[in-house]
Amino acid sequence: MLNTYAKPLADGQNGQGRLSLRDQETYVPFEDDELDTTTGEFELSERQALRRVPGLSTELTDITEVEYRQLRLERVVLVGVWTEGTQDDAENSLTELAALAETAGSQVLEGLIQRRNRPDPATYIGRGKVDDLGSMVLSTGADTVICDGELSPSQLRNLEQRTKVKVVDRTALILDIFAQHAKSKEGKAQVELAQLEYLLPRLRGWGETLSRQTGGSGRGGGAGGGVGLRGPGETKLETDRRRIRTRIARLRREIKGMKTVRQTKRSRRTRNAVPAVAIAGYTNAGKSSLLNRLTGAGVLVENALFATLDPTTRKATTADGRLYTLSDTVGFVRHLPHQIVEAFRSTLEEVAEADLVVHVVDGTHPDPEEQVRAVHEVLAEVGADRLPELLVVNKTDAADEETLLRLKRLWPEAVFVSAHSGRGIDGLREAIEQRLPRPAVEVRAVLPYDRGDLVARLHRQGEVLSTSHLPEGTLVHVRVGEALAAELAPFRAGDRLVDQERVGAGR
C-alpha cells in the first residue's frame with residue numbers, strides 16, 4: 001500500500017527579480033547558430049486554461065500590476081519519490097531540490113513526497129496521485145512542477161498532460177543553473193553540450209508541429225500520408241534531431257581544442273615539477289572562499305549553489321619557499337547529471353591530475369556524510385578516487401559544538417576551519433605542505449656565486465635541506481626533481497667538499 005504525505009517548504013526568493021525557467025518555445029539551433037540553447041521547455045496549449053487572471057488577487061498591495069508581472073518569480077511545486085533510505089534522507093533531498101529551484105530563480109510553494117518501491121514508469125508518482133498533484137497546482141497557482149529525479153520523455157509528457165503545467169526534472173533544473181552561471185567560453189560550450197545531449201532523446205511530439213509525418217512520392221493515403229502530408233519524406237522531428245547532432249559534434253570539437261590548451265598549461269607545470277592541489281567538494285561548501293583565504297585569488301563568493309563553474313588556478317608558497325598550485329573546481333551535488341560529468345570532464349581532469357585533493361565539507365549541512373559520499377562518487381567517475389585526500393570541514397564558526405564533536409570522532413584526520421573568520425587556516429596550510437609530494441632525487445652540489453638564479457630555482461622547485469658557503473661557491477644539499485637534478489649534474493660536489501660541509505656542521 002502506498003503511503004503519501006506532504007511536507008510544505010518555506011517560500012524563498014533569491015532577490016534577483018528574474019525568471020530563469022521561463023516558458024519558451026523549443027528552439028532547435030541551426031549549424032551556424034551561436035545562441036545558448038536552453039533546456040527543453042514544454043509548451044502545451046492547454047496550459048493557458050490554468051493561467052491566473054491578473055488583478056483579482058488581494059496580494060497586490062505595494063506594487064502595480066505591471067511591476068508584479070515583471071518581477072514575479074516562477075512559482076513551483078516540488079515532487080519527490082522516496083524509494084530507499086530513511087525519511088530524513090528523502091526530506092533532505094527535497095530540501096536540496098528547493099535550494100536548487102530558488103537558485104534558478106523560482107519561488108517554492110509546496111513540496112510533496114510519495115513512498116513507493118520504485119517510481120511509476122508512466123507518471124513517476126502513480127496515476128492516482130497525479131490528480132492530487134493537479135489539484136495542488138490549481139489551488140496554489142503554481143506555474144511549474146519540479147520532480148526530484150530524471151524523468152523519461154513519456155513521464156514528462158504524461159505529467160504535463162495531466163497537470164496542465166510545465167514539468168521539469170532535477171537534471172533540467174541543474175542544467176538551467178549551469179547555463180545561468182557559466183561565464184567563460186569553455187564553460188558555456190560545456191553547458192550547451194550537456195543541454196543538447198539531455199534534449200536530444202526528449203524531442204518528442206510537442207503538438208502538431210513536431211509530429212506531422214510527410215511522405216515521399218506516394219499516392220493517396222497509404223505511405224504518402226494523404227492530402228497535405230506529401231512532401232520531402234522526413235518528419236520535422238528528424239530534421240531537428242539532425243541539427244542537434246550536428247551542433248553536438250561541433251561543440252565536442254571545440255571543447256577538445258580547449259582541452260588541448262588546458263593540457264599544455266598543465267604540462268608546463270608538470271615539467272617544472274610544481275605540485276598541484278585541487279580543491280573539490282559539494283556545491284556551496286565554501287571552496288572559493290577557502291581558495292581566497294589561502295591565495296587571495298579574489299574568486300566570486302556567493303551563498304548559492306553552483307555560484308562558480310569555471311576552474312581557477314593560483315600559486316601558493318610553502319613555509320620553506322616551495323611553489324605549488326591550488327585549483328578550485330566545479331561543485332558536486334547528489335545525483336549530478338551524467339551529461340554534466342561528461343561535458344565537464346576536461347575541467348574535472350584538473351582533479352584527476354592533482355597530487356593532492358583538498359575535499360571541503362560543509363560543517364553546517366544536516367547530512368555531511370551524504371555530501372562526502374556524493375563527492376566520492378563523482379571523483380571515482382573521473383579517476384580521482386585513488387589520489388591522496390585531505391578532508392577539510394568548513395564553516396565551523398556557524399556549526400554547533402555537538403555536530404563538530406561528532407564529525408571529529410567520525411573523521412579524526414580532518415582539518416576544521418572557517419574560511420569566513422580565518423580560524424584554522426594556518427593549520428590547513430601546514431597540513432597541505434606536509435602532504436605535498438617530496439622531490440625524488442637527493443643532490444649535493446657546489447654552485448658558483450654567479451649562479452644565483454639556479455639557487456633561487458632550488459628554493460622554488462626543490463626542498464633545500466642545508467646550505468653553506470665555500471670559497472668555490474655555495475654548497476647546497478637539496479631534494480629536487482629529475483629534470484632539475486640533471487641541470488645540477490655538472491656542479492655535483494666531490495667527497496672532499498662534502499667532508500668540509502660535515503666538519504663545518506660539527507663546529
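**Sheet architecture and helix packing in the predicted model**

The chain holds 17 helices and 14 strands, where helices (H or I, at least four residues) and strands (E, at least two) are DSSP runs numbered from the N terminus. The model is a predicted one, in which local features need pLDDT of at least 70 and side-chain atom pairs count only at pLDDT 80 or more, while totals for chains, interfaces and linings use all residues. Residues are numbered from 1 along each chain as its sequence is written, and side-chain values use heavy atoms, with hydrogens and water left out. Of the 507 residues of the chain, 50% count as buried, a term that stands for under 20% relative accessible area, with exposed meaning over 50% and partly exposed in between (1.4 Å probe, protein chains only). Among contacts between residues at least 6 apart in sequence, 71% join residues at least 24 apart, contact being defined as heavy atoms within 4.5 Å.

Strand β6 (residues 276-281) pairs with β9 in the parallel sense over five bridges, and V277 stands opposite L356 of β9. Strand β10 (residues 389-394) also runs parallel to β9, to which six bridges join it; here V360 stands opposite V392 and V361 stands opposite V393. Five of the six residues of β10 are buried, so this strand is largely enclosed by the rest of the structure. Two bridges pair β10 with β11 in the parallel sense, and V392 stands opposite V415 in β11.

One right-handed β-α-β unit is made by β9, helix α12 (residues 368-381) and β10, and another right-handed unit by β10, helix α13 (residues 401-410) and β11; a crossover is right-handed if, with the strands pointing away from the viewer, the path from the first strand over the helix to the second runs clockwise.

A further open sheet has three strands in the order β12-β14-β13, with antiparallel pairing. Its edges are β12 (441-447) and β13 (463-470), and because each has a single partner strand, one side of each is left without a neighbour in the sheet. The twist of this sheet averages 15° from one strand to the next. Strands β12 and β14 (residues 473-480) run antiparallel and are joined by seven bridges, with R479 in β14 as the bridge partner of E442.

Helix α3 (residues 127-140) has 14 residues, which at 1.5 Å a residue should span 20 Å, and its end C-alpha atoms lie 21 Å apart, in agreement with that value; the expected span is 1.5 Å times one less than the number of residues. The buried residues of α3 are V130, L133, G134, M136 and V137. These cover an arc of only 165° around the axis, which puts them on the same side of α3, the arc being that of the directions from the helix axis to the C-beta atoms. What covers these buried residues includes β2 (74-82), β3 (106-115), β4 (144-147) and α4 (153-163), whereas the face of α3 turned away from its buried side carries the exposed residues G128, L138 and S139. Just after α3, G141 adopts a positive phi of about 75°.

Notes. Two strands pair if DSSP finds at least two bridges between them. Axes are lines fitted to C-alpha atoms, for helices over the stretch in contact, and angles run from 0 to 180 degrees between N-to-C directions.
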